[in-house]
Amino acid sequence: MEKKPYYITTAIAYTSGKPHIGNTYEIVLTDAIARYRRAQGYDVFFQTGTDEHGQKIEEKAKEQGVTPKEFVDGVAQTVRKTFDMMNTSYDYFIRTTDEAHEKQVQKIFRKLYEQGDIYKSTYEGMYCTPCESFWTESQLVDGCCPDCGRPVKKAKEEAYFFRMQKYADRLMKHIEEHPEFIQPESRKNEMINNFLKPGLQDLCVSRTSFSWGIPVDFDPKHVIYVWIDALTNYITSLGYDADGNHGENFKKYWPADVHIIGKDILRFHTIYWPIMLMALDVPLPKQVFGHPWLLVGDGKMSKSKGNAIYADDLVHYFGVDAVRYFVLHEMPFAQDGTITWDLVVERVNSDLANILGNLVSRTISMSNKYFGGLVSNPGVKAEVDDELIALALDTPKRVEKKMNELRVGDAIDEIFTLLRRTNKYIDETTPWILGKDEGQKDRLATVLYHLLESIRFAAVLLESYMPQTSKKILDAIGTNQRTLESLSSFGNLETGGSVVKKMEILFARIDAEEFMKQLEADKEKEAQAEQAKKEPNAEAKETITIEDFAKVELKVGTVIGCEKHPKADRLLIEQIDLGTETRQIVSGIAKFYSPEEMIGKKVVVVTNLKPAKLRGVESQGMILCAATDNDEDLALATIAKDLPNGTIVR
């Protein structure tokens, strides 16, 4: 029997920098759904990738002194490395700089232009560079971008526009006739009431103010804007051809079963994207799921705020499956979730070490202690067994229901309900007491069989969410019964020669206080390493010209305020009077100077150094110091004469 195709995608990651755990959550969520559909027997095509064009990329590349392509090559490699580290099973990784994609984007743009859906005009409005979006004055919030809250600037340029309103009624009808199209429900109402009902403005789909993009082939001073470039990745990757010569994958997998995206880009995927597809006469995706954000405490995670948590750091401390479990379980269906270091520790201890790990460890230990690991099922049942068996048989159905609704965290809850019930079953049957009575040997064997079989049910179901842990458990209990179909009846765990193996602890308990101390120590060490890169050292440097030296601006300043950094024992935060302004500077000198000693000192400040954040506090320059090679001794470079603040040092 031929498998039914199932096409699922993430949004493609913007290559402006390393993805934090909030960005990484999306690929893990999508992976869990893809793995579950494969387990159900679907022919799954799971796609992710990177969005690599735009003004922001062009500017970042310029700052780093590399070409835009060199810049995105590096970031795309980091993104892919992160996704691979999280054990995600994507089938295709698209980059919008792929030649095949760029060619199709040009053909799509030309087709839409030739059929009258795109026209040339002039755009004048407020532009947000980070979001790469134009806004009218009325759309701004407190004069800033309504999406990201950053400042906007006036911009005017010639551009091509897409006739959005032409397809608005047709889109509204589709949404009304397909209530499952936009999920969660609250997101659907937002799109209708905030965008469709007030009337759609024509969409700017080309730019001339930067060059890093796909050129319009019939008007090369224009580059194709992000909407057509990025959104069409979902079909170009499958072999869509604007001329109609579509590849086999497009014929097989399109329309997509679901686009998994962040709630902040829902408008692009439920209004712009469907309208483009209508104009191309291509079926719409079956569903768009706008997942909530993963917040740090109660704030949005961002590198600029200095509060970003990264997947590789979490994996370093907790392991891949613990991180997967946390982000999948802790994210609600429709509301934002929260991640903090101490909350992850709490979940590892309460759920993974206690409920799951302890159950598996106790059961395997008892199997080896009482029966040398041999599995048997004499069938000596009691009334207490029926409740466990009934719940085990019902759990796959409950998980399926939640997964069909994309309620992944709730699906995991169903599995842990079974694990809790299995732990309770140990307390009810008291196998350690049965083990003391030779006449209860068959009853003890039956109890252990029920425990192992219940664990097998949970482990098979956990494969979608914690694949490594699932395999470890199933390997340990010595079973080949690992499919969802094997959960249709209770008692498929093999007997008569099947052996339970001793295994390492799945998840060790973490001392929360010791962990936080270690985390702070590691952060401090990292900050010191970063600071060391910025501070002078005694190593010989290549010779420079007077012109090179002239690039460094040095001024005399007086320290008028100083305090210890709240998150780093090695750092001081100084306020320095430079005559015409006061600068905040963070220095790694707390080992040698107290805040009180710093007040009043006349120091030399590098004033044209690019600002940097040290442990979350901005430093607007650098004070000069002399230090020994091993940093065992250090002294400020001070000014002996009372020169005015702001005096140039040369």
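I began at Asp-281, in the loop between helix H10 (266-280) and strand S14 (288-291). Helices (H or I, at least four residues) and strands (E, at least two) are DSSP runs, numbered from the N terminus. This is a predicted model, where local features need pLDDT of at least 70, side-chain atom pairs count only at pLDDT 80 or more, and totals for chains, interfaces and linings use all residues. Residues are numbered from 1 along each chain as its sequence is written, and side-chain values use heavy atoms, without hydrogens and water.

Asp-281 is not a glycine, yet I read a positive phi of about 60°. Most residues other than glycine have a negative phi, and most peptide bonds are trans. Asp-281 is exposed at 67% relative accessibility (exposed is over 50% relative accessible area, buried under 20%, partly exposed in between; 1.4 Å probe, protein chains only).

I noted Asp-142 next, with a positive phi of about 55°. Asp-142 sits in the loop between strand S6 (133-135) and strand S7 (153-162). Its relative accessible area is 76%, so I logged Asp-142 as exposed.

Then I looked up cis peptide bonds. One joins Gln-183 and Pro-184, with omega about -5°. Another joins Trp-254 and Pro-255, with omega about 10°.

Last, I checked Asp-351, in helix H13 (residues 341-371). Which side chains make polar contacts with Asp-351? I found Tyr-325 at 2.6 Å and Ser-350 at 3.0 Å. A polar contact is a pair of N or O atoms within 3.5 Å; within protein, one must be able to donate a hydrogen and the other to accept it, and residues adjacent in sequence count only if both atoms are side-chain atoms.
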